[in-house]
Amino acid sequence: MIYLGDKDVKHIRLNWEQNIDVIATATQCIKSKDIAQPVKPYLRYGDPKNRIIAMPAFIGGDINRSGIKWIASFPDNIKKDIPRAHGVIILNEAETGQPLCVINSGSISAIRTASVSGLIVRKFMELKRHHNLKIGIIGFGPIGQYHLNMCSEVLGENIGEVLLYDLNGIVPQNIPDAIKDKVRVVESWEKAYVNADIFITCTVSKEPYINLKPKLGSLHLNVSLRDYKTDVFPWFVKGMIVDDWQEVCRENTDVENFNKVNGLQENDVRLIQDVLNDFLFTLDKDQPIMFNPMGMAVFDIAIANHYMGLATRDNVGVVLDDSVPHLN
């Protein structure tokens, strides 16, 4: 069995196109129903804003792997100079259940999250709606940083300007050199939002606050899920996409609030697999699009399996003794 720590994951060179291809393959498995993925339970105790989530899944096709992610989110950790999220993934051989790999890394979850966003960005760019793109990102912790890195590689010369905003400020060293000349730090979320062709929320907001009309034809990656007020619903209603309705319409997400306040129903949204089926091409060119990803375990297993392969190739990580002693 292989053990990969956070340093091991970060040692492997990021290749966003490959990572997005893995997500696309996993999405095809979702489309063909070659997966098993129960609704994830939330473990809460003490402070109710803290949670640990179990995310088991099987994904078939060429991936053919099972496993589980156990991810803790404790927002106040940042006050203690500790990462907010801690995630461990265990991969199992699908046919026998034998453990193959343990990945103890918050980075692998961030890579998965940005790779799922990358698939939507890739399909959005096929619409050829915009040139000289203006990107807005609010929240510049690890998730925001990985999204900027992803956008830099996937969009490249199509980016005209990136506007960053974070309540706690932006550390310049966290901006990749390859895109630094196009990045501008702004003093409010509104300045990052109003003219954005692609707008990404990567915050830890508890309450929604975004209430302004989006730019016509823009893409909104609602990664943090709790930033948009129900006021914006009429602008997005025809372009609402989720990864999994049962998962995302709970836990006080924007989608749940759209459901309770605006009457959004399951048959009103489209799924991530519909994006592969060119759903975006059926929309009016001025229709803003909102993607709401609660996070699917099959994507975590797919990305973790990909990184296990890369680690084996690059001789990264620690091989653990998996021999089982005889019990007397």
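At what angle do helix 2 and helix 4 pack, and how far apart are their axes? The legends below begin with that pair and refer to a predicted model.

**Figure 1. Packing of helix 2 against helix 4 (residues 142-155).** The two helices pack at an angle of about 100 degrees, and their axes are 9 Å apart. Helix 2 is therefore roughly perpendicular to helix 4, because angles from 65 to 115 degrees are classed that way. Helix 2 contributes Trp16, Glu17 and Ile20 to the contact, while helix 4 contributes Tyr146, Asn149, Met150, Glu153 and Val154. Of these residues, five are nonpolar, one is polar and two are charged.

**Figure 2. Crossing of helix 2 and helix 3 (residues 106-125).** Here the axes come within 8 Å and cross at roughly 80 degrees. That angle makes helix 2 roughly perpendicular to helix 3. On the helix 2 side the contact consists of Trp16, Glu17, Asn19, Ile20, Asp21, Ile23, Ala24 and Thr27. They meet Ile111, Ala114, Ser115, Val116, Gly118, Leu119 and Arg122 of helix 3. The contact of helix 2 with helix 3 comprises eight nonpolar, four polar and three charged residues. Trp16, Glu17 and Ile20 of helix 2 take part in this contact and also in the contact with helix 4.

**Figure 3. Crossing of helix 2 (residues 16-31) and helix 10 (residues 297-314).** The axes of this pair come within 9 Å, with a crossing angle of roughly 135 degrees. Helix 2 is thus oblique to helix 10. The crossing of helix 2 and helix 10 is right-handed. From helix 2, the residues in contact are Gln18, Asn19, Val22, Ile23, Ala26, Thr27 and Ile30. Their partners in helix 10 are Val298, Phe299, Ala302, Ile303, His306, Tyr307 and Leu310. The contact of helix 2 with helix 10 has ten nonpolar and four polar residues, and no charged ones. Asn19, Ile23 and Thr27 belong to this contact and are also listed in the contact with helix 3.

**Figure 4. The second largest pocket.** The pocket holds about 250 Å³ of space. Its lining has 13 residues, and those closest to the centre are Ile30, Ile35, Asp244, Leu271 and Gln273. Helix 2 and helix 7 (245-248) each provide at least two residues of the lining. Sorted by class, the lining of the second largest pocket has five nonpolar, three polar and five charged residues. Ile30, one of the residues closest to the pocket centre, also meets helix 10 as part of helix 2.

**Figure 5. The largest cavity.** The structure holds one cavity of 30 Å³ or more. About 40 Å³ of space lies in the largest cavity. The lining is made up of Gln37, Pro38, Lys40, Met55, Pro56, Glu247, Gly295, Met296 and Ala297. By class, this lining has five nonpolar, two polar and two charged residues.

Note on methods:
Residues numbered from 1 in each chain as written. Predicted model: local features only at pLDDT ≥ 70, side-chain atom pairs only at ≥ 80, totals over all residues. Heavy atoms only, no water. Axes fitted to C-alpha atoms, helices over the stretch in contact; angles between N-to-C directions. Helix = DSSP H or I, 4+ residues; strand = E, 2+ residues; numbered from the N terminus. Parallel < 35°, antiparallel > 145°, perpendicular 65-115°, else oblique. Left-handed = near helix turned anticlockwise from the far one by under 90°. Contact = heavy atoms within 4.5 Å. Nonpolar A, V, L, I, M, F, W, Y, C, P; charged D, E, K, R; others polar. 1 Å grid on protein atoms, 1.4 Å probe; cavity = no way out; pocket = protein on both sides within 12 Å on 5 of 7 lines; lining within 4 Å. Points joined across faces, edges and corners; volume = space filled by probe spheres on them.
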